[in-house]
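Please find below a colleague's note on the model under review.

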Amino acid sequence: MLAPTNIGLAKPSGAQPLTEIGVGEAPIGLVASPVYNKLYVLNYLSRNISVIDLNTNTVTATLACTPFTPDPVPFNIRQGAKIFTTSNDLRISSNQKVSCASCHPDGDTDGFPWEFAQFGAGTRSTLSLLG
């Protein structure tokens with residue numbers, strides 16, 4: 001499943017709210033260093049790795065994943081995937097927290113019933129976009 005362009009770092013119960021750190025496009029994997037206080041984030045659509053210093057909660061470096069390999073995904077397909085997975089555009093996400101991919105992983109359904117009573121819409125299930 002592709003995700004929006006932010007990651008949230010969890011803190012112990014009772015601590016301040018989650019820290020959001022902007023990373024590349026469609027982060028899909030996290031690896032924490034067992035030696036250094038660093039977090040490595042694989043960004044699928046931007047084809048890079050964000051290196052986060054966990055002492056300052058900032059991106060300290062961005063590393064290319066495939067600097068010498070041509071991108072196998074056609075430009076128009078990648079642009080569509082970026083739109084589908086972004087939460088940074090107010091036209092798509094009014095709170096800039098949720099993208100289309102949040103409820104439609106890989107264009108399918110997430111399988112969860114969602115409660116929208118506060119909007120007067122009741123309970124709804126996410127429909128598949130696969131047809």
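The points below treat the basis of the model, its surface, its cysteines, its pocket and its backbone.

1. Basis. This is a predicted model, in which local features need pLDDT of at least 70 and side-chain atom pairs count only at pLDDT 80 or more, while totals for chains, interfaces and linings use all residues. Residues are numbered from 1 along each chain as its sequence is written, and side-chain values use heavy atoms, with hydrogens and water left out.

2. Nonpolar surface. Phe112, Trp114, Phe116 and Phe119 make a nonpolar surface patch of about 440 Å². (Patch residues have over 30% relative accessible area and no salt bridge; like charges are joined within 9 Å, and nonpolar side chains, namely Val, Leu, Ile, Met, Phe, Trp and Tyr, within 5 Å. A salt bridge is a side-chain nitrogen of Lys or Arg within 4 Å of a carboxyl oxygen of Asp or Glu. Areas come from the Shrake-Rupley method with a 1.4 Å probe, and for residues only the protein chains shown count as cover.) Trp114 belongs to strand β7, residues 113–115 (helices, H or I, of at least four residues and strands, E, of at least two are DSSP runs numbered from the N terminus). Its relative accessible area is 37%, so Trp114 is partly exposed (buried is under 20%, exposed over 50%, partly exposed in between).

3. Cysteines. The whole structure contains zero disulfides (a pair of cysteine sulfur atoms within 2.5 Å). For Cys103, the closest cysteine sulfur is that of Cys100, at 8.8 Å, which is too far for a bond. Cys103 is partly exposed at 23% relative accessibility, and Cys65 is partly exposed at 33%.

4. Largest pocket. The largest pocket holds about 490 Å³ of space (the volume filled by probe spheres set on grid points joined across faces, edges and corners). A pocket is an open set of points on a 1 Å grid over the protein atoms alone, where a 1.4 Å probe fits, with protein on both sides within 12 Å along at least five of seven lines; lining residues have an atom within 4 Å of a point. Of its 18 lining residues, Val98, Ser99, Ser102, Cys103 and Phe116 lie nearest the centre. Two or more lining residues come from each of α2 (100–103), β7 and β8 (123–125); α2 gives the most, with three.

5. Backbone. Asn57, although not a glycine, has a positive phi of about 55°; Asn57 sits in the loop between β5 (48–53) and β6 (58–64). Asp106 likewise has a positive phi of about 55°, and is found in the loop between α2 and β7. Asn57 is partly exposed at 23%, whereas Asp106 is exposed at 61%.

How values were computed: Buried means under 20% relative accessible area, exposed over 50%, partly exposed in between (1.4 Å probe, protein chains only).
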